[in-house]
Structures are given as structure tokens and as C-alpha cells.
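Biologist: Before we go through the packing of these helices, could you show me the model and explain the terms as we meet them?

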Amino acid sequence: MARRQANWLGIGFDAWLLGFEMAQVMWLRSWALALGGAGADREARLMVEEKLAANAAFGWLLMTGGAERTPEAAARRALRHYGGRVRANQRRLTR
């Protein structure tokens, strides 16, 4: 049986797109922090808590085998894991 070639070009494009979405969220968060006050404090706390939780959750996936067995599948799983969180923040910050 022939081994299927990984689609690293597609994964690279998806990673680039996630980076672009992350930059948008960073810009939105920067504005929220620049406004100051209780909202900025809440946003800063939320930002740190979300990052710790997302990294801990993905670390657990890696340790328990939930991130798949091939490098390609693990990369796609990482993009889905972090991408969902980035898009959730984008929706929240643009309301």
C-alpha cells in the first residue's frame, strides 16, 4: 500500500490564516487594554487565563494521544484546537 503524501502546503496556508486571525484578535485586545479601567483589567486577566487553559488542554491531548499519530494529523489538530479559541475571542471582541 502506498503511503499518502502529507499536504504541508495546505497546513502552512491554514497556519498563516490562523496567524492573521490571531493578529486581528491582538489588535482588538490592544484597544480594549488601551481604554483602561475595569474592562481592561478583566480583559488582561481573561487573556492570561485563556492562554494557560488552552495550552494545558492541548498538552493533555498530546500526552494522552488525542492529537493523532502522524505529524500532519497533529498539526491539523493543533490548528483546530487553537483556531476555535481565536475565532471565539474574535466574535466576543467584535460584539
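Modeller: This is a predicted model, and in it helix 1 (residues 8-34) packs with helix 3 (residues 71-93), their axes lying 9 Å apart at an angle of about 25 degrees.

Biologist: What makes helix 1 roughly parallel to helix 3?

Modeller: Angles under 35 degrees count as roughly parallel, and the angle here is about 25 degrees, so helix 1 is called roughly parallel to helix 3. The crossing of the two is left-handed.

Biologist: Which kinds of residue make up the contact of helix 1 with helix 3?

Modeller: The contact is made of 13 nonpolar, five polar and seven charged residues.

Biologist: How do you know that the span of helix 3 agrees with its 23 residues?

Modeller: The end C-alpha atoms of helix 3 are 33 Å apart, and at 1.5 Å a residue its 23 residues should span 33 Å, so the two values agree. For helix 1, with 27 residues, the distance from first C-alpha to last is 38 Å, close to the 39 Å expected.

Biologist: What covers the buried residues of helix 3?

Modeller: The cover includes helix 1 and helix 2, and among the buried residues of helix 3 are Leu79, Val86 and His81.

Conventions:
Residues are numbered from 1 along each chain as its sequence is written. This is a predicted model: local features need pLDDT of at least 70, side-chain atom pairs count only at pLDDT 80 or more; totals for chains, interfaces and linings use all residues. Side-chain values use heavy atoms; hydrogens and water are left out. Axes are lines fitted to C-alpha atoms, for helices over the stretch in contact, and angles run from 0 to 180 degrees between N-to-C directions. Helices (H or I, at least four residues) and strands (E, at least two) are DSSP runs, numbered from the N terminus. Angles under 35 degrees count as roughly parallel, over 145 as roughly antiparallel, 65 to 115 as roughly perpendicular and the rest as oblique. A crossing is left-handed if the near helix is turned anticlockwise from the far one by less than a right angle, and right-handed if clockwise. Ala, Val, Leu, Ile, Met, Phe, Trp, Tyr, Cys and Pro count as nonpolar, Asp, Glu, Lys and Arg as charged, and the others, Gly among them, as polar. The expected span of a helix is 1.5 Å times one less than its number of residues. Buried means under 20% relative accessible area, exposed over 50%, partly exposed in between (1.4 Å probe, protein chains only). Contact means heavy atoms within 4.5 Å.
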